[in-house]
Amino acid sequence: MDILNPTPRRVVIVTEGGLHIWGIVNAIAAHFGPPMVILEQPESKWAILKRRARRQGWISVAGQIGTMVIIRTSKVLSVRRLAGLAAEAGFDATPPQKVVDVPSANSPEFIAALQKAEPEVVLLAGCRLLKRETLAAMPCPVLNYHAGITPKYRGMNGGYWALATGDSENFGTTVHMVDAGVDTGEVLHQARGKPSKGDTIATYALTQAAFSRDVCVRAIDDVLTGKPATVQPDMPSKQWYHPTLWRYLWTGLTHRVW
């Protein structure tokens with residue numbers, strides 16, 4: 001495929017955005033032409049936390065809020081890490097000039113935009129879980145970029161949890177087919193790498209995206225050429241969330257994983 005003069009393909013990326021996602025979007029654009037980017041509004045943090053509390057209890061959720069505050073206040077680290085990646089790996093996180101705004105990836109506006117675009121493939125990259133009725137309305141194969149090795153690190157902060165549990169060889173990402181579960185679809189490609197000195201829970205996603213651009217492109221190309229092949233990783237399955245503040249601090253102090 002000619003990267004300098006790509007033949008445009010009807011690729012749609014659904015996301016809430018972010019520096020790490022824009023790097024992947026630009027890599028995909030270099031191979032297939034500019035994709036249509038559908039930008040959904042982030043789900044209410046309160047709604048997310050209430051849902052977690054029903055499963056885990058409010059004490060655990062209160063601890064997770066503390067870590068979420070740390071991540072949010074560490075954005076300056078992401079800016080520095082991005083500058084390093086741009087120099088080291090040519091990681092271009094320039095936001096797309098044109099996006100289609102929708103309130104939610106499960107909204108009628110989203111379905112209407114998707115049907116109008118007539119995509120050949122859809123890549124979810126940092127958006128909310130699609131409802132069954134939304135999946136049923138999708139007109140083409142749907143993939144998901146997940147910042148973790150599935151099924152072992154489904155859910156949130158897959159890179160952090162691999163390091164925090166002493167499983168650094170599984171610091172990586174997955175592109176998988178989408179089903180109704182949380183990162184439970186059949187795996188197409190996985191990429192593994194290493195965090196850089198100074199990386200933290202606030203910057204792991206950038207590092208992971210930088211070494212995962214190729215597998216995103218390969219997975220999309222597999223679908224477009226009609227040759228998607230799935231693999232079955234031999235590992236346990238578990239869904240993870242944000243670490244509680246006390247676990248995050250303990251892990252950082254004892255294992256130097258921040």
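In the predicted model, strand β1, helix α1 (residues 19–32) and strand β2 form a β-α-β unit of right-handed sense. The two strands of this unit, β1 and β2, are paired in the parallel sense over four bridges, and within this pairing Val14 stands opposite Ile38 of β2. On pairing with β4, β1 again runs in the parallel sense, over four bridges, with Leu123 of β4 as the bridge partner of Ile13.

These strands belong to an open sheet of seven strands, arranged in the order β3-β2-β1-β4-β5-β7-β8 and with mixed pairing. The edges are formed by β3 (100–102) and β8 (187–192), each of which pairs on one side only, and neighbouring strands of the sheet are turned against each other by 20° on average, with direction ignored.

Helix α5 (residues 108–117) touches β1 (11–15), β2 (36–40), β3 and β4 (121–125), and its direction makes about 180° with that of β2. Helix α9 (residues 213–224), in turn, lies across β1, β4, β5 (142–146), β7 and β8, and runs at about 165° to β8.

The burial of β1 was examined residue by residue. Five of its five residues are buried, and both faces of the strand are covered, with Val11, Ile13 and Thr15 on one side and Val12 and Val14 on the other. In a regular strand, side chains alternate between the two faces of the sheet.

Helix α2 (residues 45–56) comprises twelve residues and reaches 16 Å from its first C-alpha to its last, close to the 16 Å expected at 1.5 Å a residue. Within α2, the residues Ile48, Leu49, Arg52 and Ala53 are buried; because these residues cover an arc of only 135° around the axis, they lie on the same side of α2. Trp46 and Arg54, on the other side of the helix, are exposed. The cover over the buried residues of α2 includes helix α3 (58–72).

Conventions:
Residues numbered from 1 in each chain as written. Predicted model: local features only at pLDDT ≥ 70, side-chain atom pairs only at ≥ 80, totals over all residues. Heavy atoms only, no water. Pairing = 2+ DSSP bridges. Axes fitted to C-alpha atoms, helices over the stretch in contact; angles between N-to-C directions. Contact = heavy atoms within 4.5 Å. Buried < 20%, exposed > 50% of the residue type's maximum accessible area, 1.4 Å probe, protein only. Right-handed = clockwise from strand over helix to strand, strands pointing away. Expected span 1.5 Å × (residues − 1). Arc of directions from axis to C-beta.
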